[in-house]
Amino acid sequence: MLRTDDYGSDYVAGRVGETLDLDRVRLVETRLLVKRADGWQALPYVWNAEQTEATLEIAGDASRLQLVGTSGESAGFTYVVPDANQCAGCHADNHTKKAIAPLGPRARHLNKDYPYAGGAQNQLLHWQQIGYLSELPEFAGIPRNADYADTSLSLEERARAYLDINCGHCHNPSGAADTSGLMLAHMEQDRRRLGLCKPPVAAGTGSGNRLFAIVPGAPDKSILNFRVESTDPGAMMPELGRSLVHEEGSELLRQWVASMPGSCS
């Protein structure tokens, strides 16, 4: 299956050149952000079973699907398409202005190679060459996030990159999670604001009754690990966009927290 707003994903198994082989890919949804005169508008579309047409579903949708893991095991889950208003939960990345805007297309997230039909090429340079981008700065000066799956890099680099793309759009000083005091964007250097021995603003279900966002050396006592490993709608993070636990990302964050020295005593 495919969410067609997932820019940057390879979908190698379902590609024919730089397009999709629809005999091997099931289209589930297409989310559009359309620029109007008064700002951006979110429009969720859901594809029919025949794969011939996508219909605007302002109220969102939910489908029961089967996920097949890399080892062949199968598990059922509910794939949720958020309604148009829920899009603001992530896309209103400035909590004061409340206006929605595109997420993710920041240079540090897109500065990587992509396997195009003509061969691998840095996608920012490729987009410049085909006219999608203009005024690209000197390439050496463009920031670049770590690949969270690249085990040749440090746990710190990989975990911070993972938190930046998945959490940093809300957990920053102007984001929707600004009142939490937990800041997970790439520029944050204050370890307490990153969660180290930081108590939650509110306890209860969302904290899993744990005392601190990150307890060094103890992922099983850390709220951050509890929330990314939960599928309870009242506790899980991110709040939208997933129905399952991302096992690789959760394991990375477990290793990162386990590697931290010190204690919260």
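1. Let's start at the disulfide. The link of Cys197 and Cys264 is left-handed, with -90 degrees about the S-S bond. The two cysteines sit in distant parts of the chain, 67 residues apart: Cys197 in the loop between H4 and H5, and Cys264 in the segment after helix H6 (247-258). The S to S distance of this disulfide is 2.1 Å. A search of the whole structure finds 1 disulfide, the term meaning a pair of cysteine sulfur atoms within 2.5 Å. Helices (H or I, at least four residues) and strands (E, at least two) are DSSP runs, numbered from the N terminus.

2. Before going on, please keep in mind what kind of model this is. It is a predicted model, in which local features need pLDDT of at least 70 and side-chain atom pairs count only at pLDDT 80 or more, while totals for chains, interfaces and linings use all residues. Residues are numbered from 1 along each chain as its sequence is written, and side-chain values use heavy atoms, with hydrogens and water left out.

3. How confident is the predictor? The score called pLDDT gives the predictor's confidence in each residue, from 0 to 100. The protein chain averages a pLDDT of 87, and 92% of the residues score at least 70. Over residues 1-11 the pLDDT is below 50, and this stretch has 34 contacts in the model beyond near neighbours in sequence (contact means heavy atoms within 4.5 Å). Where pLDDT is low, the predicted coordinates should not be read in detail. By element, confidence is lowest in strand S1 (residues 2-3), at a mean of 38, and highest in strand S6 (residues 54-56), at 97.

4. Back to Cys197 for a moment, to look at its backbone. Phi of Cys197 is near 55 degrees, which is a positive value in a residue other than glycine. Another backbone feature to find is the cis peptide bond from Met237 to Pro238, where omega is near -10 degrees. Pro238 belongs to the loop between H5 and H6.

5. Strand S7 (residues 61-68) and strand S8 (residues 74-81) run antiparallel and are joined by 8 bridges. One place to look is Gln66, whose bridge partner in S8 is Gly76. This hairpin has 5 residues between its strands, and Gly72 in the turn has a positive phi of about 95 degrees.

6. Where is the empty space? Rolling a probe the size of a water molecule over the atoms shows where empty space is left. On a 1 Å grid over the protein atoms alone, a cavity is a set of points where a 1.4 Å probe fits but cannot get out, a pocket is an open set with protein on both sides within 12 Å along at least five of seven lines, and lining residues have an atom within 4 Å of a point. Grid points are joined across faces, edges and corners, and a volume is the space filled by probe spheres set on the points.

7. The second largest pocket holds about 720 Å³ of space. It is lined by 35 residues, and those closest to its centre are His171, Ala177, Ser180, Arg227 and Met237. Which helix gives the most to this lining? That is H5, with 4 residues. Helix H1 (88-91), helix H4 (155-167) and helix H5 (223-229) each supply at least two residues. The lining divides into 23 nonpolar, 9 polar and 3 charged residues, where Ala, Val, Leu, Ile, Met, Phe, Trp, Tyr, Cys and Pro count as nonpolar, Asp, Glu, Lys and Arg as charged, and the others, Gly among them, as polar.

Definitions and conventions:
Two strands pair if DSSP finds at least two bridges between them.
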